[in-house]
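Welcome! Please have a look at the sequence and the model below, and then we will walk through some of the features together.

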Amino acid sequence: MCSSSSAKKSNKKAAELSRDQFQWQKDQAAAAAADAAAKRAAMADGLGKINSQFAGFDEPYYQGLQDNYLDYANPQIEQSQLKAQTSVRSALANKGKLHSSTDATQQGELATTYGGIFRDAQTKSLDYANQQRGQVQAAKQNSIAQMYGSESPDVGLQAASGAVGSLQTGPAFEPISSVLNQAAKYASMDYNNSLYNGQSYGAFSPMFNKQSSAGGGGGNQVKTIS
């Protein structure tokens, strides 16, 4: 009788321990699930905040960047074109060919060349915008990667804040001379072609100075375009 009672007590105690163990495991699983859900929510919130940090880099921003470059480049190209037109007209006037068909032809050729230079500037403005777009995207992805790698939204937000601050200034525009020198290239081609054909001028010949060399031959030097 005593032995049977002892066995029952042991069985009851074992059942209670088993039940407690099961409940502990259940509680642990629930806590882990809640922790995982909290982390996912924090990461989602952090991702949203990172996206908000970069929200200013939208299509109007990139269009504005293109416009800024053209506002920088076009007046300089226009100034260079005006100087070139004046030089052509002056050279033609000295030869008595002002308002002639030659004048119209050479001014037309000059306009065509500068039309190409303006298009080059338009293309370059798009290049600057696309370059900035790529840098923004890389910085954003890096911020997100840092957040997930550290499992800390604060780390990602700190990286995003630093990147946005440096990117907001935009790219530094290179001197416009790289675009204007296209005119000098055409000047060289035109001048040499006019000499080959026995002429003393061409649409771009006024952009050149003719100098005598020590050996008595001629040398060509492109005038500075500014």
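## Aromatic rings

Rings of Phe, Tyr and Trp (its six-membered ring) count as a pair if their centres lie within 6.5 Å. In this predicted model, that rule gives eight aromatic pairs. Some of these pairs join up: Phe 54, Phe 57, Tyr 61 and Tyr 62 are linked by ring pairs into a cluster.

Take a look at Phe 57 and Tyr 61, whose rings form an edge-to-face pair, 5.0 Å centre to centre and with 90° between the planes. Both Phe 57 and Tyr 61 are buried.

## A pair that bridges the sequence

Now find Tyr 69 and Phe 173. Their ring centres are 5.1 Å apart and their planes stand at 80°, so this pair too is edge-to-face. Tyr 69 belongs to helix α2 (residues 59–94), while Phe 173 sits in the loop between α4 and α5 (177–196), so the pair ties together parts 104 residues apart in sequence.

Are these two residues buried or exposed? Tyr 69 has 0% relative accessibility and counts as buried, whereas Phe 173 is partly exposed, with a relative accessible area of 24%.

## Around Tyr 62

Leaving aside residues up to four places away in sequence, Tyr 62 touches Phe 57, Ala 129, Gln 132, Arg 133 and Val 136. One of these neighbours, Arg 133, lies over the face of the Tyr 62 ring, at 4.3 Å from the ring centre.

In soluble globular proteins, nonpolar side chains tend to be buried together. Here the largest nonpolar core has 16 residues, and those with the most contacts inside it include Phe 54, Phe 57, Tyr 62 and Leu 167. Two or more residues of this core come from each of α1 (2–53), α2, α3 (101–150) and α4.

Another core, of 15 residues, lies apart from the largest one; among its members are Tyr 69, Leu 70, Ala 73 and Ala 121.

## Helix α4, one side in and one side out

Helix α4 (residues 153–167) has 15 residues and reaches 21 Å from its first C-alpha to its last, close to the 21 Å expected at 1.5 Å a residue. Its buried residues are Pro 153, Gly 156, Leu 157, Ala 159, Ala 160, Ala 163, Val 164 and Leu 167.

Why do the buried residues of α4 line one face of the helix? Seen down the axis of α4, they fall within an arc of 160°, so they line one face. An α-helix has 3.6 residues a turn, so residues three or four places apart point the same way. On the other side of α4, Asp 154 and Gln 158 are exposed.

Technical notes:
Residues are numbered from 1 along each chain as its sequence is written. This is a predicted model: local features need pLDDT of at least 70, side-chain atom pairs count only at pLDDT 80 or more; totals for chains, interfaces and linings use all residues. Side-chain values use heavy atoms; hydrogens and water are left out. Helices (H or I, at least four residues) and strands (E, at least two) are DSSP runs, numbered from the N terminus. The expected span of a helix is 1.5 Å times one less than its number of residues. Buried means under 20% relative accessible area, exposed over 50%, partly exposed in between (1.4 Å probe, protein chains only). The arc is that of the directions from the helix axis to the C-beta atoms. Rings of Phe, Tyr and Trp (its six-membered ring) pair if their centres lie within 6.5 Å; planes under 30 degrees apart count as stacked, over 60 as edge-to-face and the rest as tilted. A charge sits over a ring if NZ of Lys or CZ of Arg is within 6 Å of the ring centre and within 35 degrees of the ring normal. A nonpolar core is a set of buried Ala, Val, Leu, Ile, Met, Phe, Trp, Tyr and Cys residues joined through side-chain atoms within 4.5 Å. Contact means heavy atoms within 4.5 Å.
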